[in-house]
Amino acid sequence: MFLTEVNLGSWSGVTTRKMAEKGGCLDFYNYVYMPFSACVHSMWHHVAKYNLKQCQNVLHRFHSIPDVPTLPVDLNYFYLAAKYLQKTFARFDEETGVSVYVPSAFDLVCEGIDALSVEGE
Ligand SMILES: [Zn+2]
């Protein structure tokens with residue numbers, strides 16, 4: 001038992017997977033939520049892949065040591081975050097009947113990314 005189980009429960013009393021099933025978005029849960037959840041919650045399989053590197057001392061039997069690599073900004077993740085937030089807003093509006101007449105934050109993000117792409121050419 002070298003790992004500590006942490007269970008803070010759920011605000012709804014229902015698992016996220018069950019909520020996805022009820023909401024008819026189990027495919028989104030499987031292919032989008034799970035990979036992002038691993039990163040956000042620092043799950044072991046994510047940490048092992050992205051935050052460990054092999055020790056270079058041959059006398060240490062190639063154990064892993066912590067690493068926080070400096071990674072370049074990836075606009076794709078920024079785009080995906082904006083896209084999923086847009087999906088959330090759209091679903092909220094659909095379920096509640098709320099109508100909002102303001103520019104879409106997602107559209108603004110896309111315009112900004114396009115502008116950066118043009119500058120970089
Ligand atoms: Zn070592």
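Predicted model: local features only at pLDDT ≥ 70, side-chain atom pairs only at ≥ 80, totals over all residues.
Three residues hold on to the zinc ion here: Cys55 through SG, His60 through ND1 and His63 through NE2.

**The zinc site**
- Reading along the sequence, you'll find the zinc donors spaced C-x4-H-x2-H.
- Cys55 has 10% relative accessibility, and anything under 20% counts as buried, so this cysteine is buried.
- His63 comes out at 34% relative accessibility, so this histidine counts as partly exposed.

**Helix H4**
- H4 covers residues 75–96.
- At the start of H4, a side-chain oxygen of Asp74 comes to within 2.8 Å of the backbone nitrogen of Asn76.
- Just after H4 comes Gly97, which takes a positive phi of about 80°.
- Which residues of H4 are buried? They are Leu80, Ala82 and Tyr84.

**A nonpolar patch on the surface**
- Val73, Leu75, Phe78 and Leu116 make up a nonpolar patch on the surface.
- Together, these four residues have about 410 Å² of accessible area.
- Phe78 belongs to helix H4, and at 48% relative accessibility Phe78 counts as partly exposed.
- The cut-off for exposed is over 50%, so Phe78 at 48% stays in the partly exposed group.

Terms used:
Residues numbered from 1 in each chain as written. Heavy atoms only, no water. Donors = N, O, S within 2.8 Å, 3.2 Å for Na, K, Ca; no water. Buried < 20%, exposed > 50% of the residue type's maximum accessible area, 1.4 Å probe, protein only. Patch = residues over 30% accessible without salt bridge, like charges linked within 9 Å, V, L, I, M, F, W, Y side chains within 5 Å. Areas by Shrake-Rupley, 256 points an atom, 1.4 Å probe, with all protein chains shown as cover. Salt bridge = Lys/Arg side-chain N within 4 Å of Asp/Glu carboxyl O. Helix = DSSP H or I, 4+ residues; strand = E, 2+ residues; numbered from the N terminus. Polar contact = N/O pair within 3.5 Å; in protein donor to acceptor, adjacent residues only side chain to side chain.
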